[in-house]
Amino acid sequence: MLHLASKSPRRRELLARLGLDFGVLDVDIPEQREPGESPEGYVARVAREKAGAGLLRVVAVPGAVVLGSDTEVVLDDEVFGKPADADEAAAMLRRLSGRTHRVLTAVSLVSAGREASAMVTSEVEFAALSDDDIAEYVASGEPMGRAGAYAIQGGAERFVRRLSGSYSGVMGLPLHETAALLQGFGIHARTPRAGGGA
């Protein structure tokens, strides 16, 4: 049985696109970058810790496989996590305005007997944002709870001039790489039936 160790409704939605049945585990892992830790190392560690914490919850279930993932926005080697408030969200968006940033998404898959992982790096170029653009977007509430203070699948889509990499990875779960990892565990993605059923 596959389990997703994530509180993110976006990851649940994305994983469901692979046509799989899965359970959801609500794990709480501190997302704090260690001194000297690279952005890639940080994202990979958090994904692995989420998967490991999830596995501890279902280790008694025969055949349990747990997926953990983490996504962070990186500009000039600085990791932009989730904004604490509207002011921080606006400050992040001002810094991303008119520039290209990286979005790192790590996926970790663990079972009682094995572990596998993948890292996906995408580049996102934002158009220059006016103060009004930023104020209106922050007022929508969408930046809260999202790395880098934006959701590419939401209102911020209009800010994106160019994307190189994985669109689903920027959303929070790179589906191509996730499907490949799952296949290595004998779990095969399929196309969900029309009408939303798996």
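This report walks through the fold, the cores and a few individual residues of a predicted model.

## Overall fold

Let's start with the layout. The protein chain has six helices and seven strands. Reading from the N terminus, they come in the order β-α-β-α-β-β-α-β-β-α-β-α-α. Contacts reach well along the sequence: taking those between residues at least 6 apart, 66% join residues at least 24 apart.

As for overall dimensions, the C-alpha trace spans about 55 × 45 × 25 Å along its principal axes. The radius of gyration is 17 Å, which agrees with the value near 16 Å that a compact globule of 198 residues would have.

## Surface and charge

Of the 198 residues in the protein chain, 48% count as buried. The accessible surface comes to about 9300 Å², and carbon and sulfur atoms account for 49% of that.

On the charge side, there are 22 positive and 27 negative side chains. The centres of these two sets lie 6 Å apart.

In soluble globular proteins, nonpolar side chains tend to be buried together. Here, the largest nonpolar core holds 43 residues, and the members touching the most others are Leu-2, Leu-15, Leu-93 and Tyr-150. Helix H3, covering residues 86–96, gives the most to this core, with five residues. Apart from it lies another core, this one of ten residues, including Ala-5, Ala-64, Val-66 and Val-110.

Tyr-150 deserves a click in your viewer. Setting aside residues up to four places away in sequence, Tyr-150 touches Val-73, Leu-93, Leu-96, His-101, Val-103, Val-124, Phe-126, Tyr-137, Pro-143, Ala-156 and Val-170. One of those partners, Leu-93, is itself among the core members with the most contacts to other members.

## A buried lysine and a buried leucine

Is Lys-50 buried or exposed? This residue of helix H2 (residues 39–58) has a relative accessible area of 9%, so Lys-50 is buried, the cut-off being under 20%. Beyond its neighbours within four places in sequence, Lys-50 is in contact with Ala-5, Arg-11, Val-27, Ile-29, Glu-31, Gly-68, Ser-69 and Asp-70. Ala-5 in that list also belongs to the ten-residue core.

Leu-14 sits in helix H1 (residues 9–16) and, at 0% relative accessibility, counts as buried. What does Leu-14 touch, not counting residues up to four places away in sequence? The partners are Ser-168, Met-171, Gly-172, Leu-173 and Leu-175. Leu-14 and Met-171 are 157 residues apart in sequence, yet their C-alpha atoms are 8.4 Å apart in space.

Most residues other than glycine have a negative phi. Asp-76 lies in the loop between strand E3 (65–75) and strand E4 (78–80). Its relative accessibility is 55%, so Asp-76 counts as exposed.

Ala-149 also has a positive phi, near 65 degrees. You'll find Ala-149 in the loop between helix H4 (131–139) and strand E7 (160–164). Buried or exposed, then, for Ala-149? At 0% relative accessibility, Ala-149 counts as buried, whereas Asp-76 is exposed.

Conventions
Residues are numbered from 1 along each chain as its sequence is written. This is a predicted model: local features need pLDDT of at least 70, side-chain atom pairs count only at pLDDT 80 or more; totals for chains, interfaces and linings use all residues. Side-chain values use heavy atoms; hydrogens and water are left out. Helices (H or I, at least four residues) and strands (E, at least two) are DSSP runs, numbered from the N terminus. The radius of gyration is taken over C-alpha atoms; the globule rule is 2.2 Å times the number of residues to the power 0.38. Buried means under 20% relative accessible area, exposed over 50%, partly exposed in between (1.4 Å probe, protein chains only). Contact means heavy atoms within 4.5 Å. Accessible areas come from the Shrake-Rupley method with a 1.4 Å probe; for residues, only the protein chains shown count as cover. Lys and Arg count as positive and Asp and Glu as negative; His and the chain ends are not counted. The place of a charge is taken as NZ of Lys, CZ of Arg, CG of Asp or CD of Glu. A nonpolar core is a set of buried Ala, Val, Leu, Ile, Met, Phe, Trp, Tyr and Cys residues joined through side-chain atoms within 4.5 Å.
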